[in-house]
Amino acid sequence: MTIDKQSSDSPLEFRLDPGSGVPTYMQIVRQVEDALRLGHLVPGDRLPKVKEVVASLAINPNTVLKAYRELEHKGLAAGRPGQGTFIEGTLDVVPLREQQALQRRLTRWLVDAAAAGLDEEGITALFSSARHDLARQKGVIAS
Amino acid sequence: MNAIETRNLGKRYGRTWALRDCSLAIPAGRVVALVGPNGAGKTTLLHMAVGLTAPSTGTISVLDGTLPGSNDALSRVGFVAQDTPLYPQLTVADTLRLVRNLSSRWDEDNARARLAALDIDLRHRVGKLSGGQHAQVALAVALARHPELLVLDEPAARLDPLARHDFMAALMAAVAEDGISVLFSSHVISELEKVCDYLVVLARGKVQVVGDVEELLDTHQMWTGPSATADAVTTTTPVVSARPGDRQTSLLVRTNAVPPPGWRTEDTHLEELVLSYLRAPDASALPGPTANSAAAVAS
């Protein structure tokens, strides 16, 4: 089998995790956001065409359209009639140094949590609960 | 525009009603999954939609008022029957020629391009193809007639997972490309969420659930709480089905309300929703005046 030349000009290929519980369109949104954070996608890049995504993942085209609309709504992408959807915005890339400092503090916290007797699930539960609280305080719906 | 519209549609075989009181208005441009246990009336409904079976009662029309089986409908509606029947002794090329001669609309290039993309040799006999290739030939033939509505009866039921994935991928690509409406019956509930955006559940010859998938998921929740208070919850909230444990009970509820104290709510997903309704054939979720009939017994 040969690789379709049409699809090789797309900067990324989406994948699905059916067991994640995350809606399919949101998985696509997050993969685009992750690619933006990692610098794999930059403004001007064309997202895979709806038909290409549909033909590789066997999903409903409306799901892809919904994901792309969500990205447009977030100001990260824009549709160009007859051409496709293109990356417009960027996501703040936190500088490496700051990331490392945050990770050190998080590691210290994890050591404390383990010492207090929390196992991995307990830590995850506490973390998502704190994140949930923060999101609620901000009045932002946690996605 | 509606892809399919039925009003009090019914079909009786002898004394048995295969389908009764079926009133649907399915918008065009959707991928509709038709699910239900064996004998629920799925094939009967599909056959009436394509004009293979005449209704005993009521009416059915497709593509905005077109009578199934009329010349107009025959050229605009495609049908892939259960197990995708084709003539095994014909070659793929002969199969294309046969359908070309029998169809008022035919796009030879489209059919050949589809089959070439799947590496299916036109010189092979249909009977020698793999199950996946066989189904793909049937789909290619149906799509080359450029239907506005494509009806499929358990199209991928007997295919292995990879062939099924490829089949659904080809079908979804056609939806993306041509915007066709699709109605298909399926037993593979776990895969519905990926492909369908509209759901019809049949049980015992009647429509049990119908609606936009997103709307259905938005209006149902899974509540989990102490079994001791489950009965109290059931009296105030429309419960679709219950999974009672000794101490903890899970209820699929049809509401957007906040659960009572001590109860936790979670989003549901399509597989869980479908299974819950199939377990509780007396519960229903229908649009219109009967919308509140989901307040069924939790047993």
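How many residues does the contact take from chain B, and how many from chain A? The legends below start with that view and then move on through this predicted model.

**View 1. Where chain A and chain B touch.** The contact takes 14 residues from chain B and twelve residues from chain A. On the side of chain B that touches chain A, helix 6 and helix 7 (192-195) of chain B each supply at least two residues. Helix 6 of chain B gives the most to this side, with eight residues. Sorted by class, the side of chain B that touches chain A has nine nonpolar, one polar and four charged residues.

**View 2. The largest nonpolar core.** Here we look at the 110 residues of the largest nonpolar core. The members that touch the most other members are Val54(A), Val32(B), Ala49(B), Leu139(B), Val151(B), Met172(B) and Leu199(B). Helix 6 (residues 161-178) of chain B provides the largest share of this core, nine residues.

**View 3. Helix 5 of chain B and its surroundings.** Helix 5 of chain B covers residues 131-143. At 1.5 Å a residue, its 13 residues should span 18 Å, and the end C-alpha atoms are 18 Å apart, which agrees. Is this helix largely enclosed or left open? Twelve of the 13 residues of helix 5 of chain B are buried, so the helix is largely enclosed by the rest of the structure. Among the buried residues are Gly132(B), Gln133(B), His134(B), Ala138(B), Leu139(B) and Leu143(B). The buried residues of helix 5 pack against strand 5, helix 3, helix 4 (108-117), strand 6 (149-153) and helix 6 of chain B.

**View 4. A four-stranded sheet in chain B.** Four strands of chain B make an open sheet in the order 11-12-10-13, with antiparallel pairing. Strand 11 (239-244) and strand 13 (264-267) of chain B stand at the edges, and each has a single partner strand, so one side of each is left without a neighbour in the sheet. From one strand to the next, the twist averages 20°. Strand 10 (residues 221-226) and strand 12 (residues 248-253) of chain B run antiparallel and are joined by six bridges. Helix 10 (residues 270-279) of chain B lies across strand 10, strand 11 and strand 12 of chain B, and runs at about 90° to strand 11.

**View 5. A closer look at Gln248(B).** This residue belongs to strand 12 of chain B, where Gln248(B) stands opposite Pro226(B). Is Gln248(B) buried or partly exposed? With 14 other C-beta atoms within 10 Å, Gln248(B) is partly exposed. Not counting residues up to four places away in sequence, Gln248(B) touches Thr224(B), Pro226(B) and Ser227(B). For a sense of scale, the C-alpha atoms of Gln248(B) and Ala138(B) are separated by 49 Å, and the two residues are 110 residues apart along the chain.

**View 6. A three-stranded sheet in chain B.** Another open sheet of chain B has three strands in the order 2-1-4, and the pairing is antiparallel. Its edge strands are strand 2 (16-27) and strand 4 (57-62) of chain B, each of which pairs on one side only. The twist averages 20° from one strand to the next. Strand 1 (residues 2-13) and strand 2 of chain B pair in the antiparallel sense over eight bridges. To follow one of these pairings, find Thr6(B): its bridge partner in strand 2 of chain B is Leu24(B).

**View 7. Two loop residues with positive phi.** In chain A, look at the loop between helix 2 (50-57) and helix 3 (61-73), where Ala58(A) is found. Phi of Ala58(A) is near 55°, a positive value in a residue other than glycine. Ala58(A) is buried, with 21 other C-beta atoms within 10 Å. In chain B, Thr84(B) is found in the loop between strand 5 (77-80) and helix 3 (92-102). Phi of Thr84(B) is near 40°, a positive value in a residue other than glycine. Thr84(B) is buried, with 23 other C-beta atoms within 10 Å.

Terms used:
Residues are numbered from 1 along each chain as its sequence is written. Chains are lettered from A and ligands numbered from 1 in the order in which they are written. This is a predicted model: local features need pLDDT of at least 70, side-chain atom pairs count only at pLDDT 80 or more; totals for chains, interfaces and linings use all residues. Two strands pair if DSSP finds at least two bridges between them. Axes are lines fitted to C-alpha atoms, for helices over the stretch in contact, and angles run from 0 to 180 degrees between N-to-C directions. Two residues are in contact if their C-beta atoms, placed from the backbone, lie within 7 Å. A nonpolar core is a set of buried Ala, Val, Leu, Ile, Met, Phe, Trp, Tyr and Cys residues joined through C-beta atoms within 7 Å. A residue is buried if 20 or more other C-beta atoms lie within 10 Å of its own, exposed if 12 or fewer, and partly exposed in between; C-beta atoms are placed from the backbone. Ala, Val, Leu, Ile, Met, Phe, Trp, Tyr, Cys and Pro count as nonpolar, Asp, Glu, Lys and Arg as charged, and the others, Gly among them, as polar. The expected span of a helix is 1.5 Å times one less than its number of residues.
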